[in-house]
Every structure is written in C-alpha cells, then in structure tokens.
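Colleague: I am new to this structure and would like a close look at one part of it. Please take me through the salt bridges.

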Amino acid sequence: MEYTDKTMEHFMCPQNVGSMPDADARGAYGDPSCGDSLMMFLKVDNNTIKEIRYLVFGCCAAIASASMTSVLAKGKSLEEAETISDGDVLTALGGLPSMKIHCSNIGVSALRSVIKKYKIQIKE
C-alpha cells in the first residue's frame, strides 16, 4: 500500500491536532466498519473558522484526512467550509490507496457535524 508524500507528512506531523476546552462547538464522526473516530472543535468569529482542532483515533489515512480537512477549513467562512468535499481532501493529499479512500470522509463528516452543532447553538 503506497501513501503519497503529502499523506505521510500529515500522518507524521498532523496539523491543528489537540483538544479545545473553550470551543464554540464540538462535533464527532465515527466509521464503525473500520473503527476510525474523530472529535472536532471550532472557534468561530464573525462566521469564520478562526481555530479548528481535533482528536482522532484511526489509521494513517484517517489521521492524514483529519489533518488536511482542518487545514482546508481554517480561515474559511462556515458556508465555504461546508462545501469542502471528500474529493477535495483526496486531491489535497494527492490521493489515497483504493482500500483507504473511504477514510477521506472522516474529516469532512466531522466538520459538517461540528458546523451543524454550532449553527444550532447560535439559534438557541
């Protein structure tokens, strides 16, 4: 199984990793079929993702996908971040082995979950 240099870079040195006790919102996603899980945290200011952090449990591809999702989302408006797709993550990583392509959805799914929770919270 071959991973791209970009995937290995995000696996070995994941960006934006860690918890965020003072997060504006938290969201999670897990893939029971492979055991990967991700908790994502956001700080939002003026509808823009100012800070993003996550805790991930999973394989190389899941860790790299979570890291790349955070990089793609940071600094974007909530609406822009919601348009980030699994394909965007795959492209940014330079692809994943065919048996690991499903891992690209973990970051995107957690991102959508946390944005949804944030939007619900601000309406309350």
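Modeller: What follows is a walk through the salt bridges, starting with a network. This is a predicted model, in which local features need pLDDT of at least 70 and side-chain atom pairs count only at pLDDT 80 or more, while totals for chains, interfaces and linings use all residues. Residues are numbered from 1 along each chain as its sequence is written, and side-chain values use heavy atoms, with hydrogens and water left out.

The structure holds six salt bridges (a side-chain nitrogen of Lys or Arg within 4 Å of a carboxyl oxygen of Asp or Glu). A network of these bridges links Glu51, Arg53 and Lys74. Between Glu51 and Arg53, the closest N and O atoms are 3.0 Å apart. Glu51 also forms a salt bridge with Lys74, and here the closest N and O atoms are 3.8 Å apart. Glu51 lies in strand β3 (residues 48-57) and Lys74 in the loop between α2 (60-73) and α3 (78-82), so this pair ties together parts 23 residues apart in sequence. Helices (H or I, at least four residues) and strands (E, at least two) are DSSP runs, numbered from the N terminus.

Glu51 is partly exposed, at 24% relative accessible area (buried is under 20%, exposed over 50%, partly exposed in between, with a 1.4 Å probe and protein chains only). Arg53 is partly exposed at 24%, and Lys74 is partly exposed at 35%.

Another salt bridge joins Lys119 to Glu82, with the closest N and O atoms 2.9 Å apart. This pair links distant parts of the chain, 37 residues apart: Lys119 is in helix α5 (residues 104-123) and Glu82 in helix α3. Lys119 counts as partly exposed at 24% relative accessibility, and Glu82 counts as partly exposed at 30%.
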